[in-house]
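Visitor: Hi, could you walk me through this one?

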Amino acid sequence: MIYLGSHVSFKAPNYFKGAIEEAISYGANACMIYTGPPSNTRRVDVSKLKIDDAKEYMKEHDFSIDRVIVHAPYIINLANALKPETALFGQEFLKSELERVHAIGAKTLVLHPGSHVGAGMDVGIEWIINGLNEVLDNDTTDVKIALETMAGKGNECGFTFEQLHKIYSGVHKKSRIGYCMDTCHIWDAGYDLNQFEDVLNEFDSILGLENLLCMHINDSKNPLKAHKDRHENLGKGYIGFDVLYSIVHHPKLENVTKILETPFIDGKAPYKEEISALR
């Protein structure tokens, strides 16, 4: 079995239950949510999120809470050494997000490692390590943070497996760290998915396949190593449908939750059709 879903909305009045209903309407057995707007800190109290209703609905549809992935908001930047107050804010908000994910019952929070904003990669990585240690050393949940593979746009940290490993190496609670592989991002970073077996072996040797907690399945609007990060619908971009299909069905990735983040088409979500095509 493959565990496949998409990003789904998380909004009033049904919040978590509405998100699961949307996922199931797409024929999905997995999904990804944000606990609030990804670009700001506005969050509804967990008591209003219809968590129990969602879990009851999931039971009825054989939908496991382990296949619910939560994405941290983009405003968290642990790597910002030039504005320490921004990094400290990110630490505090990440702590609260871990608590919200735990309250929902999910086990994985995807996090963009951060941008060094011009201070340099080594400095950015050092600040990410310090930020993760500050958060995790004082956190009592069991939620794992999945550092996302980035495209290398601007001053992004974490667009090579080596950079991600350097972060992992400095974290005290290593059992709380894993990874989210984004196909568009690693393609844009320079990993040729036409040679996916080689890419997967490289990932395994540096980061360990056992630490791959989830994947984002996206085509790319840009050629290999463009460092752009612009998602495209499956089969409409430079990676191509056949390559993405083979990745989704790779036997070594059978148990990894896979999430679509492809663009809407004419204002409508393409996920039902894309999930069907990938199955």
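This is a predicted model: local features need pLDDT of at least 70, side-chain atom pairs count only at pLDDT 80 or more; totals for chains, interfaces and linings use all residues.

Visitor: Where does proline 13 lie?
Guide: Proline 13 is in the loop between β1 and α1 (15-25); helices (H or I, at least four residues) and strands (E, at least two) are DSSP runs numbered from the N terminus.

Visitor: Okay, back to loops. Where is aspartate 62 placed?
Guide: Aspartate 62 belongs to the loop between α2 (51-60) and β3. Its phi is positive, about 55°, although the residue is not a glycine.

Visitor: Is aspartate 62 buried or exposed?
Guide: Aspartate 62 counts as exposed, because its relative accessibility is 72%. The cut-offs are under 20% relative accessible area for buried and over 50% for exposed, with partly exposed in between (1.4 Å probe, protein chains only).

Visitor: What about phi of aspartate 229?
Guide: Aspartate 229 has a positive phi too, near 65°, and is likewise a residue other than glycine. You'll find aspartate 229 in the loop between β8 and β9 (231-232).

Visitor: Let's switch to strands. How many residues of β7 are buried?
Guide: In β7 (residues 212-217), 6 of its 6 residues are buried, and the strand is mostly covered.

Visitor: Which strand pairs with β7 over 4 bridges, and in what sense?
Guide: β6 (residues 177-182) pairs with β7 in the parallel sense over 4 bridges; two strands pair if DSSP finds at least two bridges between them.

Visitor: Which strand is joined to β3?
Guide: β2 (residues 30-33) is, running parallel to β3 with 3 bridges between them. Cysteine 31 stands opposite valine 68 in β3.

Visitor: Now helices. Which residues of α8 are buried?
Guide: In α8 (residues 241-248) the buried residues are Val243, Leu244, Ile247 and Val248. They fall within an arc of 135° seen down the axis of α8, so they line one face of the helix. The arc is that of the directions from the helix axis to the C-beta atoms.

Visitor: What do the buried residues of α8 pack against?
Guide: They pack against α6 (183-189), α7 (196-206), β7, β8 (219-220), β10 and α9 (271-278), where contact means heavy atoms within 4.5 Å.

Visitor: Then which residues of α9 are buried?
Guide: Tyr271, Glu274, Ile275 and Leu278 are the buried residues of α9. Down the axis of α9 these fall within an arc of 100°, so they line one face of that helix. Among the elements that cover them are β1 (4-7), β7, α8 and β10.

Visitor: And what does the face of α9 turned away from its buried side carry?
Guide: That face of α9 carries Glu273 and Ser276, both exposed.

Terms used: Residues are numbered from 1 along each chain as its sequence is written. Side-chain values use heavy atoms; hydrogens and water are left out.
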